[in-house]
Amino acid sequence: MEKWSLMTITVLLALTVRWAVSLGSYSGAGKPPMYGDYEAQRHWQEITYNLPIRQWYFNTSDNNLLYWGLDYPPLTAYHSFVCAYIAKLINPDWVALHTSRGYESQPHKLFMRATVFVADLLVYIPAVILYCFSLKETSAKKKASTCALCILLYPGLILIDHGHFQYPLSLGLALWAVLCLSHDWDLLGSVAFCLALNYKQMELYHSLPFFCYLLGKCFKKGLKGKGLVLLAKLAGTVLVSFAACWLPFGTDVEQIMQVLRRLFPIDRGLFEACMFSSPTHCPDKVANIWCSLSVLIKIKNVISPRTQLKLSFAVTFLSLLPACIKLTVQPSLRGFKFALVSCALSFFLFSFQVHEKSILLVSVPVCLIINEIPFMATWFLLVSTFSLLPLLLKDELLLPYAVTTPAFLAVCLASFSILEKTSAEDLQLKAFSLSLRGYVSWFKSFPRIVRSLFLLSLALMGALSVLSAALPPPQRLPDLFPVAVAVVSCLHFLLFLLYFNVVILWDSKNKGQKKIS
């Protein structure tokens, strides 16, 4: 009873924070003609309810794809239809074809916010709770609840889901997949991840670790025996899951091709979401390598779109290759979770058409290892939230950002004493440090150096946050502060990518892992 009492308090606190954030503004509120992501979700409900399935992804007189055309996989469309069906019962005006465009009212805002709460309560929060109870390292009741509290109070996800406006379903389903794999329920885990991928195509960020981990298990079991049987079951599970999700579109090849074109619009170019396209203005600020380099080199003007795609693919592939090879050769649950972080971060930094919100695809796997490396996980989660600052300021979410971020840091400090967890062993760098000890004399001062860098990082992020919110930028450099936030965050992420790969490649013992047989 005690463990459930602590967890109930944790969930209630997390829900209270979400409710408080949801009282504020949302993406594009009162900003015609396109409004924002809130209107995009409402518009998809309008389209899916009023039009036949064959028209959902096609440009027609009733479905102008230039106005928030549906560009996510079928499960997102089905979810929009379910929400629209309920909305129609409450107030038909909310999803009326054409006339509901840009609809804004307090009751409708309450309804939309409620749909996110329901998604959180049904999918994301239960997965977090069960995951924390399943951790062997947190067998103590108090530890499980504090771990859950830190994950559920991660400000980046709260501010985007309940402030900006987004559903946590794909991340929640991916979490369920990790939970299933941690209990060796590989087929259920495969179904859950297929559902996540068919809700948002960005779950491709996590696809290679899932593939390599399960393939590695098949190799360990032997491809002439149990391993081959498992491989066949996994392949069949994936095929059936995809077939079920795409069934309404499967009768027409052109339907499938049109959905794929909407999901992967490669003709838009490398910088569809993040290009610093002019010296005076940049629409979105993404803390990845291409946007940061574009401050100095206008890649869009130097390299053709096709070459940009090839370059992006090559760099992304090379950056995630070491972690994937290690996971395939030595599959372990611990290695799988670290590979989820490393591969997702590689995709975010180097891949094609990255949105600033995609950092959440890295942050949620980092939450899964916060009990193992609380110092580095907390640091990363703070930087990831900071990287969203330009978007949060645009959505008038400065106050929730200013409250939830320090609160999250305080909770992590109290729960894990993170400033005392900076030794090479605490950071999972013991094997690496032993290999360097004879060459690097400063490794003895490593904990003090790391703490100093952390405090310097906090000071820099705090200063840029205050400057971004309080000072008008110079007229000649209107995007000075957003660009500074993006570049500083990108530099942090590059160092984190190096760190996570070092942990993965030097981890030969995989302590505490069940032997795959």
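**Close-up 1. Cys 412, a buried residue of helix H18**. Leaving aside neighbours within four places in sequence, Cys 412 is in contact with Cys 150, Ile 370, Thr 378, Ser 417 and Ile 418 (contact means heavy atoms within 4.5 Å). Cys 150 lies 262 residues away along the chain, yet its C-alpha atom and that of Cys 412 are separated by 6.3 Å. The model is predicted, so local features need pLDDT of at least 70 and side-chain atom pairs count only at pLDDT 80 or more, whereas totals for chains, interfaces and linings use all residues. Residues are numbered from 1 along each chain as its sequence is written, and side-chain values use heavy atoms, with hydrogens and water left out.

**Close-up 2. Ser 387 in helix H16**. Ser 387 is found in helix H16, which covers residues 374-387, and is buried, with a relative accessible area of 4%. Apart from neighbours within four places in sequence, Ser 387 is in contact with Ala 287, Ile 359, Val 485, Ser 489 and Phe 493.

**Close-up 3. The salt bridge between Asp 37 and Lys 357**. The closest N and O atoms of this pair are 2.3 Å apart (a salt bridge is a side-chain nitrogen of Lys or Arg within 4 Å of a carboxyl oxygen of Asp or Glu). Because Asp 37 lies in helix H2 (residues 37-50) and Lys 357 in the loop between helix H14 (333-350) and helix H15 (360-368), the pair ties together parts that are 320 residues apart in sequence. Asp 37 counts as buried at 17% relative accessibility, and Lys 357 is buried with a relative accessible area of 12%.

**Close-up 4. The salt bridge between Asp 507 and Arg 334**. The closest N and O atoms here are 2.5 Å apart. The pair links distant parts of the chain, with Asp 507 in the segment after helix H21 (480-505) and Arg 334 in helix H14, 173 residues apart. Asp 507 counts as buried at 15% relative accessibility, while Arg 334 is buried with a relative accessible area of 8%. Both residues belong to a network of salt bridges that links Arg 334, Lys 337, Glu 372 and Asp 507.

Definitions and conventions:
Helices (H or I, at least four residues) and strands (E, at least two) are DSSP runs, numbered from the N terminus. Buried means under 20% relative accessible area, exposed over 50%, partly exposed in between (1.4 Å probe, protein chains only).
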